[in-house]
Amino acid sequence: MRTILITGPGGSGRTTVAAATALAASRQGTRTLVLTADRTDTLGTILGTPTGATPTEAAPGLTTWRPDATDAFRTDLLAFQDRATTALDLLGAARLDGEELTPLPGAEELALLRALRDAATADTYDLLVVDLPPTPQALALLALPEQLRRYLRRLLPAERQAARALRPVLGRLAGVPMPSEWLYETAARWDVELAAVQLAVEDAATTVRLVAEPGPAGTDAVRTAATGLALRGLRTDALVANRVLPDASPDTWLAALAVQQRKALDEWRDEWGRTFDVCELPHLGRDPRGAEDLAALPVPAPGDAPGPVEWPVADRLADDGVLVWHIPLPGAIREELDLVRRGDELVVTAGQFRRIVPLPSALRRCTVDGASLRDGELAVRFAPDPDLWPRGR
């Protein structure tokens, strides 16, 4: 299934673009689902059809879904209480009733991830359009499955579960109780669920579309978003310039604003035109409402996914004695880059974004020999460690 994740700076009209993209695809005969995590029904207002906690048909071939974070949060927490009854009783904790539970901040985003997983694994739709939160929150959300899986592996390694028969003995020797089996079972179940979400996000048929208004603020936001998405290994297939004013206007204020937009658009095409498509959506003179307004927005067709982002390792041992790991980071600034080697992992920081990535097997037997940033690509050099590198290479 083709998946399009839509995000952009706050107020850029990303929900409108998501609705227009989904509606246009459904009118071409594509079975389409559009997801949103918005607590208020902005998507339903734009489409002219209310959305809710269950998938609802908004038009022929178009289904909308706004997952209910309250029910999901209540169900998960009550289930956790049931599994942790013994520990809670020992602590003298008072159990929470379902009626007093309200979702915590971030519950909407977690419900969206679960819905994305369910939709991606179902054979019901051909296209999934996801209306993500503004870019900073969207990037944190998309990074969550990978980060949580890493935390689980560090805190509750699977190999320790294999020694569950020895836990009573170890507990007596250590003088402290060892983790119960249910804790490992819960961690394993979470890992499976998170892996399914991560697989949907990182699938080769999943791409991101950035929505921004052309202008100085939009330019900065696009550059930051492009770097953050590339660091996550996500493919951006289009930059949608929203609410573009006509070039000719008798109003001097609107004319000056149109000139500023046109300048930003030229810069976007020069900087990003070779990386992804840059398209324009006209300003309708009003907030789009209903199918007729959305049809007037020439959103790009879903098309085929351009393929996954690759981080290749180049073998330059014969010429320079190093292996070079090429990491695409469009928009990255040299002064804001930082690299730290931690065992078999590399911590990459680009501005406000950070990702811990496992090293390819060949690079684990090497030491970092330097790095350079050129034309939006980070090249990290690795020199073979004589104590670890196979003899004869």
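This is a predicted model: local features need pLDDT of at least 70, side-chain atom pairs count only at pLDDT 80 or more; totals for chains, interfaces and linings use all residues.
**View 1. Strand S5 and its buried residues.** Strand S5 covers residues 127-131. Five of its five residues are buried, so the strand is largely enclosed by the rest of the structure. Both faces are covered. Leu127, Val129 and Asp131 lie on one side. Leu128 and Val130 lie on the other. Strands of a sheet pair through backbone hydrogen bonds, either parallel or antiparallel. Strand S1, residues 2-7, pairs with S5 in the parallel sense over five bridges. Here Ile6 stands opposite Asp131. Strand S2, residues 32-36, also runs parallel to S5 and is joined to it by five bridges. Look for Leu35 opposite Val130.

**View 2. An open sheet of four strands.** The strand order is S9-S10-S15-S14, and the pairing is antiparallel. Which strands stand at the edges? They are S9 (313-316) and S14 (366-374). Each has a single partner strand, so one side of each is left without a neighbour in the sheet. Neighbouring strands of this sheet are turned by 25° against each other on average, direction ignored. Four bridges join S9 to S10, which spans residues 322-328. These two strands run antiparallel. At one of the pairings, Val313 has Trp325 in S10 as its bridge partner.

View 3. H10 runs over residues 216-231 and has 16 residues. From first C-alpha to last, the helix reaches 23 Å. That is close to the 22 Å expected at 1.5 Å a residue. Its buried residues include Gly218, Thr219 and Val222. Further along, Ala225, Ala226, Thr227, Gly228, Leu229, Ala230 and Leu231 are buried too. Just after the helix comes Gly233, with a positive phi of about 75°.

**View 4. The second largest pocket.** Rolling a probe the size of a water molecule over the atoms shows where empty space is left. This pocket holds about 510 Å³ of space. Its lining has 22 residues. Closest to the centre are Trp272, Thr275, Pro328, Pro330 and Gly376. Which helix gives the most to the lining? H10 does, with four residues. Helix H11 (252-272) supplies at least two residues. What classes of residue make up the lining? There are 12 nonpolar, four polar and six charged residues.

Definitions and conventions: Residues are numbered from 1 along each chain as its sequence is written. Side-chain values use heavy atoms; hydrogens and water are left out. The expected span of a helix is 1.5 Å times one less than its number of residues. Buried means under 20% relative accessible area, exposed over 50%, partly exposed in between (1.4 Å probe, protein chains only). Two strands pair if DSSP finds at least two bridges between them. Axes are lines fitted to C-alpha atoms, for helices over the stretch in contact, and angles run from 0 to 180 degrees between N-to-C directions. On a 1 Å grid over the protein atoms alone, a cavity is a set of points where a 1.4 Å probe fits but cannot get out, and a pocket is an open set with protein on both sides within 12 Å along at least five of seven lines; lining residues have an atom within 4 Å of a point. Grid points are joined across faces, edges and corners, and a volume is the space filled by probe spheres set on the points. Ala, Val, Leu, Ile, Met, Phe, Trp, Tyr, Cys and Pro count as nonpolar, Asp, Glu, Lys and Arg as charged, and the others, Gly among them, as polar.
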